[in-house]
Amino acid sequence: MSQRDQVYREPKNQIVDFAFDDSVADVFPDMIRRSVPGYETVIPVSGLLAARHLKRNPELAPRAYDLGCSLGATTMALIRALDNEACEVFAVDSSEAMIQRAAERITDPRVHFLCRDVRGLDFKPAGAVLLNYVLQFLAPDDRLALMRQICRALAPGGLLIVSEKVRFDDPEDDAFYDAVHLDYKRANGYSDLEISQKRSALENVMIIDTEAVHRDRFREAGFTRIRKWYQCLNWASFLVSP
Ligand SMILES: C[S@@+](CC[C@H](N)C(=O)[O-])C[C@H]1O[C@@H](n2cnc3c(N)ncnc32)[C@H](O)[C@@H]1O
């Protein structure tokens, strides 16, 4: 069982930028479940979607990447959905705290853990890439290059799943969904102090795009088929193919 997230419970004299360090890794399953509407649907279903794609398209490279894997929830969902299908899964994260814990949790020999920045990865051809709630933590100028690399690794018939928080072009919509997202966190037991301290910590670290920006970038990177398969408030997930 994951520990309860109390990282921002006490008043802090100084708010430093959010990092995926030991204190966050220890409570991560609880933190993400209480903070991200739809997480408990998106993770298992993205495993099912990717597994189906890999099983149904045996001409694709039997390889998948879980980029920004944290504790490996998406990898676990994929492995479960793959049953005994042969497939190499690379679970990648730049946080040593996360990768160490993920490697302790998942012992399936098909999974290889890499403590690496996804921006420097040398991708092998793959049938599926999963990028759940990670792109938003990359510098905006680095996002297109990563998409291009993924598109090349997936071509011609692979599948990319991208889940992200999204902004809305309409300020009224944006304010509305943002307010309901705060209600969601309150309803999950976070205090206003916890919410505002975490917000400040994330301000420079998590930069949110609109759906239109995502779609334009997918196209510019070379993807041709772009579908949004899930949205809960201001959290969406896309299925994208070269
Ligand atoms: C919100 S978590 C992702 C959650 C995970 N995909 C899941 O569904 O449970 C973001 C993760 O991305 C990782 N990350 C952020 N920037 C990264 C980068 N440039 N390269 C590799 N990992 C990165 C962080 O260390 C963190 O573990």
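**Cavity, pockets and helix contacts**

One cavity of 30 Å³ or more is counted here. The structure is a predicted model, in which local features need pLDDT of at least 70, side-chain atom pairs count only at pLDDT 80 or more, and totals for chains, interfaces and linings use all residues. Residues are numbered from 1 along each chain as its sequence is written, and side-chain values use heavy atoms, with hydrogens and water left out.

A cavity is a set of points on a 1 Å grid, over the protein atoms alone, where a 1.4 Å probe fits but cannot get out; a pocket is an open set with protein on both sides within 12 Å along at least five of seven lines; lining residues have an atom within 4 Å of a point. Grid points are joined across faces, edges and corners, and a volume is the space filled by probe spheres set on the points.

The largest cavity has a volume of about 60 Å³. Its lining is made by D5, Y8, K185, Y190, E194, I195 and K198. Helix α7 gives the largest share, three residues. Helices (H or I, at least four residues) and strands (E, at least two) are DSSP runs, numbered from the N terminus. By class, three lining residues of the largest cavity are nonpolar, none polar and four charged. Here Ala, Val, Leu, Ile, Met, Phe, Trp, Tyr, Cys and Pro count as nonpolar, Asp, Glu, Lys and Arg as charged, and the others, Gly among them, as polar.

Now the open spaces. The largest pocket has a volume of about 960 Å³. It is lined by 45 residues, and F20, Q136, F137, L202 and M206 are the closest to its centre. At least two lining residues come from each of α1, α2 (39-56), β1 (63-67), α3 (73-82), β5 (159-167), α6 (171-187) and α7 (192-202). The largest share, five residues, belongs to α6. The lining of the largest pocket holds 22 nonpolar, 10 polar and 13 charged residues.

The second largest pocket has a volume of about 320 Å³. Of its 14 lining residues, Y39, I43, P44, A73 and R80 are the closest to the centre. Two or more residues each come from α1, α2 and α3. The lining of the second largest pocket has 10 nonpolar, no polar and four charged residues.

How do α2 and α3 pack? Their axes come within 8 Å and cross at roughly 45°. Axes are lines fitted to C-alpha atoms, for helices over the stretch in contact, and angles run from 0 to 180 degrees between N-to-C directions. α2 is therefore oblique to α3. Angles under 35 degrees count as roughly parallel, over 145 as roughly antiparallel, 65 to 115 as roughly perpendicular and the rest as oblique. The α2 and α3 crossing is right-handed. A crossing is right-handed if the near helix is turned clockwise from the far one by less than a right angle, and left-handed if anticlockwise. In contact (heavy atoms within 4.5 Å), residues of α2 including Y39, I43, P44 and L54 meet A73, T74, A77, L78, A81 and L82 of α3. This contact has 12 nonpolar, three polar and one charged residue.

The axes of α1 (residues 22-35) and α4 (residues 96-105) come within 8 Å and cross at roughly 40°. So α1 is oblique to α4. The crossing is right-handed. D22, V24, A25, D26, F28 and P29 of α1 meet A97, M98, R101 and R105 of α4. By class, this contact has six nonpolar, no polar and four charged residues.
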